[in-house]
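Open the model in your viewer and keep the selection tool at hand.

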Amino acid sequence: MTHHRRWIGAAAIGGLVLAASVTAAGPALATQARTPATIVEKMTGPDAPNNTWGRWDIKGTDLGIMWDNGAGSVLAAFGDTFGNAWTGPGGGAPANGHWRSNVLLRSSDRTLADGMLFESAPQTPSGAAKEIIPSKKVNGDEMTTIPTAGISVRGRQYLSFMSVKQWGDPGYWDTNYAGIAYSDDNGENWTVSDTRWQNNAAGDDPFQMQAYARKGGYVYVFGTQNGRNGPASLARVPERKLLDKKSYRYWNGRSWSSREADARPIIDAPVSELSVQYDAYSKRFLLMTLSGEDIVLRTSKTPQGPWTAPQTVASSADYPGLYGGYFHPWSSNGELYFAMSQWSPYNVYLMRMQIDRSGRIVNPNLVTNPSFERADAIGDGTDGTWACSPNCGIDEAPASSFSGDHNAFVRYNTGWRNIWQNVAVTPKTNYRLTGWVRTSVNSDAGFFGVRSTGGEVISEANFVSVGPWTKLTVDFSSGSRDTVQVFAGVWTNSGDIWLQVDDVAVVRR
């Protein structure tokens, strides 16, 4: 595979070049929508504060379907998971990669603004996170079993999953059925029930991938076909009869029918990897899904709709290979947290966005091209470009970046080297700047902050050597300014020093 990097200047950062990215399932061309959501934390894998790799041998994984267990914790189910021998990018099981079709982690952390702490997992005797729903791992028979939704009813945990027969072309796969497993010991052990939705010969059964939302004594079951190219349909069942398939009723466009064949789409294709919850703040159902290449949000006052037009939550132009988008159940007061997967890092990120009482996304990230993934990233610092003082540029090494395929860098051995962007702000407003940085071991004078367009520092964080990707936070007031300049840089007077930066955000606070 190709090793490459875009340059301004002539130096390379030794030891930080890895293989080029593998494109995730979906269309080849990225949209150009802005990404209003911001990264709070990397939840899994290398450099994640949870240390899932060291604690439970979770080096690469995806999804992160979360639900309240009814006893003060959130359970999070992940998809195909790989251990120490996994090298990425993307999912894939080397011979000794400790492949598990699914794993589960638990959290009681309610302070999500600084990340989500995982405390425990169902484990094997060796201490690794164990596979909770078995699969045959035979292509063309049953390749894997992927969780899609979870819910707790009267102390019992229910997990919907799809039995994947085989993977196809990007964006396509075949399922055998959708099923339900349940646990009576907080997710430690699971029983696969006989309740299932068998796929049909045409491969278009509408409930092969399911999402749950509870309201008024019912569990509403939102379904899609296998793959990423079908519409969304709806069923409901009394919450105490989740395993009784005869009690399910399917929305036929006018009323509830006992026949699954009567189900009619509530949202047109393409809809995939649904997450739905009722939001007390906006008094609406919120539906997040992968639609085309972007994660989008729709809202409705009723489960059956009408649903609003999609609002972009996260754009593949900023996070190539993104998918998933699963709500954290403890989101409240318009502050929504969700899990987003990326194919190239093949790991999961905790994301944040904000809505108003009408369900409209507000207070977006004001930084353009925050993850350095868009073409022509380096310019003069205006019109959504970044500027930098050579030697500097964009690293294009997937596993080297904090997210996605790219990050920015500066490097030199004499003087001040930095990267910056002009950002439009509202005068007399308080903001928060965040970003992830790492440096060479000999770095002793790094700065990340905000200054005026004339170079006057407004607020900044000073740091020395930063090993793993580390989040920095700087609060500031815009004062009388309508434009500020965000920057990251290092003094390089003490030898060959480099700095990398990724996923920069400015939001109101």
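Start by selecting Met353. Met353 touches Ala37, Met288, Leu297, Val313, Gly334, Glu335, Leu336, Phe338 and Ile361, leaving out residues up to four places away in sequence. Contact here means heavy atoms within 4.5 Å. This is a predicted model: local features need pLDDT of at least 70, side-chain atom pairs count only at pLDDT 80 or more, and totals for chains, interfaces and linings use all residues. Residues are numbered from 1 along each chain as its sequence is written, and side-chain values use heavy atoms, with hydrogens and water left out.

Val313 and Met353 have the most contacts inside the largest nonpolar core, which has 46 residues. Such a core is a set of buried Ala, Val, Leu, Ile, Met, Phe, Trp, Tyr and Cys residues joined through side-chain atoms within 4.5 Å. Buried means under 20% relative accessible area, exposed over 50%, and partly exposed in between (1.4 Å probe, protein chains only).

Next, select Cys388 and Cys392. They form a disulfide, with sulfur atoms 2.0 Å apart; the cut-off is a pair of cysteine sulfur atoms within 2.5 Å. The structure holds one disulfide. The link of Cys388 and Cys392 is right-handed, with 70° about the S-S bond. Both cysteines are buried.

Move to Asn252. Asn252 sits in the loop between strand E13 (249-251) and strand E14 (256-257). Strands (E, at least two residues) and helices (H or I, at least four) are DSSP runs, numbered from the N terminus. Why does Asn252 count as buried? Because its relative accessibility is 14%. Its side chain reaches the backbone nitrogen of Ser255 at 2.7 Å.

Finish with the salt bridges. The whole structure has 14, each a side-chain nitrogen of Lys or Arg within 4 Å of a carboxyl oxygen of Asp or Glu. Select Arg156 and Asp184: their side chains meet at 2.8 Å, N to O. Arg156 lies in strand E7 (residues 156-167) and Asp184 in the loop between strand E8 (173-183) and strand E9 (191-198), so the pair ties together parts 28 residues apart in sequence. Arg156 is partly exposed, at 23%; Asp184 is exposed, at 53%.

Then select Arg374 and Asp318, a salt bridge at 2.8 Å, N to O. Arg374 is buried, and so is Asp318. Last, pick Arg432, Asp475 and Arg509, which salt bridges with shared partners join into one network.

Key
Polar contact = N/O pair within 3.5 Å; in protein donor to acceptor, adjacent residues only side chain to side chain.
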